[in-house]
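Work through the exercises below with the sequence and the model open. Each task is followed by a solution in steps.

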Amino acid sequence: NAGVTQTPKFQVLKTGQSMTLQCAQDMNHEYMSWYRQDPGMGLRLIHYSVGAGITDQGEVPNGYNVSRSTTEDFPLRLLSAAPSQTSVYFCASSYQGQGDEQYFGPGTRLTVT
Amino acid sequence: EDKVVQSPLSLVVHEGDTVTLNCSYEVTNFRSLLWYKQEKKAPTFLFMLTSSGIEKKSGRLSSILDKKELFSILNITATQTGDSAVYLCAVSTGANSKLTFGKGITLSVRP
């Protein structure tokens with residue numbers, strides 16, 4: 001099992017560019033989530049999904065889009081990057097819900113200039 | 001708005017010391033409280049607590065939940081330099097078990 005994988009590991013964008021952060025898991029988990037982590041802020045939930053075709057907003061959803069067409073994949077799209085989106089992004093999955101043990105991907109460090 | 005507060009924000013101890021990390025919460029529809037360890041990479045799961053007063057233990061780490069006073073503690077005994085990390089507390093709420101994280105406690109263990 002590869003667990004939760006994320007690509008790319010690092011990315012630099014210019015303000016206004018768009019891009020997609022990829023996340024995949026091979027554990028057949030129903031629940032997947034995206035978090036961002038900023039210094040001194042802990043982890044903040046961006047969007048989450050309780051199964052294929054079902055997504056919902058978290059604490060900080062503005063400027064991000066998600067979709068869940070398969071159980072395995074949960075991409076995060078930045079529509080028009082802003083410097084405030086400079087952060088480390090983690091994808092996570094769990095079997096029964098976010099309140100259960102979550103498995104985190106290695107993270108993507110994004111810088112927007 | 002759900003709130004999770006961890007204290008202290010940072011801590012420096014020497015090897016062999018015992019430390020207690022605190023997590024308090026104010027949430028609606030509590031389901032569980034989780035502790036994670038983060039060492040410069042992705043968080044890794046330590047404990048999940050759902051019932052008051054039942055201690056969870058793993059080696060030198062232990063944790064307990066008080067649902068009446070709305071807090072949890074994570075104890076680490078005989079600390080080692082490998083315990084240096086950020087310790088995150090998170091609370092799961094609601095039907096979809098959404099997680100709200102605290103800001104984390106940075107623990108530094110000096111040799």
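**Exercise 1.** Determine the handedness of the link of B:Cys23 and B:Cys89 and which parts of the chain the pair ties together.

Solution. Step 1: the angle about the S-S bond is -70 degrees, and the link of B:Cys23 and B:Cys89 is left-handed. Step 2: B:Cys23 is in strand β3 of chain B and B:Cys89 in strand β9 (residues 85-93) of chain B, so parts 66 residues apart in sequence are tied together. Strands here are DSSP runs (E, at least two residues), numbered from the N terminus. Step 3: the S to S distance of B:Cys23 and B:Cys89 is 1.9 Å, where a disulfide is a pair of cysteine sulfur atoms within 2.5 Å. Step 4: B:Cys23 has a relative accessible area of 1% and B:Cys89 one of 0%; both are buried (under 20% relative accessible area, with a 1.4 Å probe and protein chains only).

The model is predicted: local features need pLDDT of at least 70, side-chain atom pairs count only at pLDDT 80 or more, and totals for chains, interfaces and linings use all residues. Residues are numbered from 1 along each chain as its sequence is written, chains are lettered from A and ligands numbered from 1 in the order in which they are written, and side-chain values use heavy atoms, without hydrogens and water.

**Exercise 2.** How many disulfides does a search of the whole structure find, and what does A:Cys23 pair with?

Solution. Step 1: the search finds two over all chains. Step 2: A:Cys23 forms a disulfide with A:Cys91, the sulfur atoms being 1.9 Å apart. Step 3: A:Cys23 belongs to strand β3 (residues 19-25) of chain A and A:Cys91 to strand β9 (residues 87-94) of chain A, 68 residues apart. Step 4: this link is also left-handed, at -70 degrees about the S-S bond.

**Exercise 3.** Find the mean pLDDT of chain B and the elements of chain B with the lowest and highest values.

Solution. Step 1: the mean pLDDT (the predictor's confidence in each residue, from 0 to 100) of chain B is 93, and 100% of its residues reach 70 or more.

Key. Helices (H or I, at least four residues) and strands (E, at least two) are DSSP runs, numbered from the N terminus. Buried means under 20% relative accessible area, exposed over 50%, partly exposed in between (1.4 Å probe, protein chains only).
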